[in-house]
Amino acid sequence: MSGLQGLAQENIWFDKSRYDEAERRFYEGMNGIPQTPQSQNASKSEDQSELVSRLKSLELDNKNLHKVVDDLRAVLSKLESRMAVLEKSQAPASKTVTVTKAAPVQKPKVEEHNGADDDDDDIDLFGSDEEDEEAERIKAERVKEYAQRKSKKPALIAKSSILLDVKPWDDETDMSKLEECVRSVQMDGLLWGASKLVPVGYGIKKLQINCVVEDDKVGTDILEEEITKFEDYVQSVDIAAFNKI
């Protein structure tokens with residue numbers, strides 16, 4: 001009984017796992033690989049958190065893919081509906097086209113008309129050629145008439161309306177004589193209009209006169225040069241307004 005009692009008190013074999021763990025740690029420490037339960041738990045928690053984050057990202061990607069697939073299905077359904085509508089709208093149009101193309105063909109009538117005599121066929125054929133020639137001749141005549149009418153049509157003449165300010169030397173200048181001198185300027189493409197006297201100051205008045213000129217025939221420089229030739233009455237000529245007609 002004493003041997004059994006001593007064996008019962010001995011706990012080496014009952015705690016074998018603890019000794020094995022201690023031995024493993026000893027050899028790991030000898031090899032320079034120290035590991036503690038805390039570090040193992042930390043690594044396990046990091047692995048678990050990484051797995052959780054990956055799972056969350058995969059779930060998010062999955063949701064996005066589902067959304068994209070749903071959008072593509074909606075677009076595809078819209079395209080299918082549009083194609084169906086287009087096919088329905090084109091179907092009657094093609095039928096009408098085939099009907100319009102088939103309508104002019106009347107073989108029985110042509111055969112009955114042409115089967116009576118072969119000479120009639122020749123006459124009809126030559127007649128169609130003559131009709132084509134006649135149509136071409138009429139077309140050429142119309143084109144010729146249009147060209148003649150266009151050549152006879154008068155060309156558009158560019159004109160301008162000019163308002164001139166003619167200033168005298170002083171208040172003693174005879175303004176009626178000045179206007180008479182201005183209107184005495186005559187040239188092809190020049191037409192004088194209305195005029196009036198406008199006060200300038202100190203009893204001096206200027207002659208404001210309107211004229212219409214053809215741009216190709218009369219220029220403002222020539223007009224000013226001709227008016228300023230009357231040196232006894234005219235001091236200067238200015239263009240107050242210039243408008244295209």
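Colleague: Which residue in strand 3 is the bridge partner of Ser195?
Modeller: This is a predicted model, in which local features need pLDDT of at least 70 and side-chain atom pairs count only at pLDDT 80 or more, while totals for chains, interfaces and linings use all residues. Residues are numbered from 1 along each chain as its sequence is written, and side-chain values use heavy atoms, with hydrogens and water left out. Helices (H or I, at least four residues) and strands (E, at least two) are DSSP runs, numbered from the N terminus. In strand 3, Ser195 has as its bridge partner Ile209.

Colleague: Over how many bridges do strand 2 and strand 3 pair?
Modeller: Two strands pair if DSSP finds at least two bridges between them. Strand 2 covers residues 190-201 and strand 3 covers residues 204-214. They run in the antiparallel sense, and the bridges number nine.

Colleague: Which residue takes a positive phi in the hairpin of strand 2 and strand 3?
Modeller: Two residues lie between the strands of this hairpin. The one with a positive phi near 60° is Tyr202.

Colleague: In what order do the elements of the protein chain run from the N terminus on?
Modeller: The chain has seven helices and four strands. Read from the N terminus, their order is α-α-α-α-α-β-α-β-β-α-β.

Colleague: Why are Arg183 and Glu179 separated by about one helical turn?
Modeller: Their side chains meet in a salt bridge at 3.1 Å, N to O. Arg183 is partly exposed at 28% relative accessibility, and Glu179 is partly exposed at 22%. The separation is about one helical turn because, in helix 6 (residues 175-183), the two are apart by four residues.

Colleague: How many residues apart are Asp188 and Lys217?
Modeller: The side chains of Asp188 and Lys217 meet in a salt bridge of 3.2 Å, N to O. The pair links distant parts of the chain, with Asp188 in the loop between helix 6 and strand 2, and Lys217 in the loop between strand 3 and helix 7 (220-227); the gap is 29 residues.

Colleague: Is Asp188 buried or exposed?
Modeller: Its salt-bridge partner Lys217 counts as partly exposed, at 44% relative accessibility. Asp188 has 56% relative accessibility, which is over the 50% limit and therefore counts as exposed.

Colleague: How many salt bridges does the count come to?
Modeller: Side chains of opposite charge can pair when their charged atoms come close. Glu21, Arg24 and Arg25 are linked in a network of salt bridges. By the rule stated above, the count comes to 12.

Colleague: How far apart are the end C-alpha atoms of residues 55-89?
Modeller: UniProt, in an unreviewed entry, lists these residues as "coiled-coil region"; such annotations may be inferred rather than shown by experiment. In the model, residues 55-89 are 100% helix and 0% strand, and the distance between the end C-alpha atoms is 51 Å.

Technical notes: Salt bridge = Lys/Arg side-chain N within 4 Å of Asp/Glu carboxyl O. Buried < 20%, exposed > 50% of the residue type's maximum accessible area, 1.4 Å probe, protein only.
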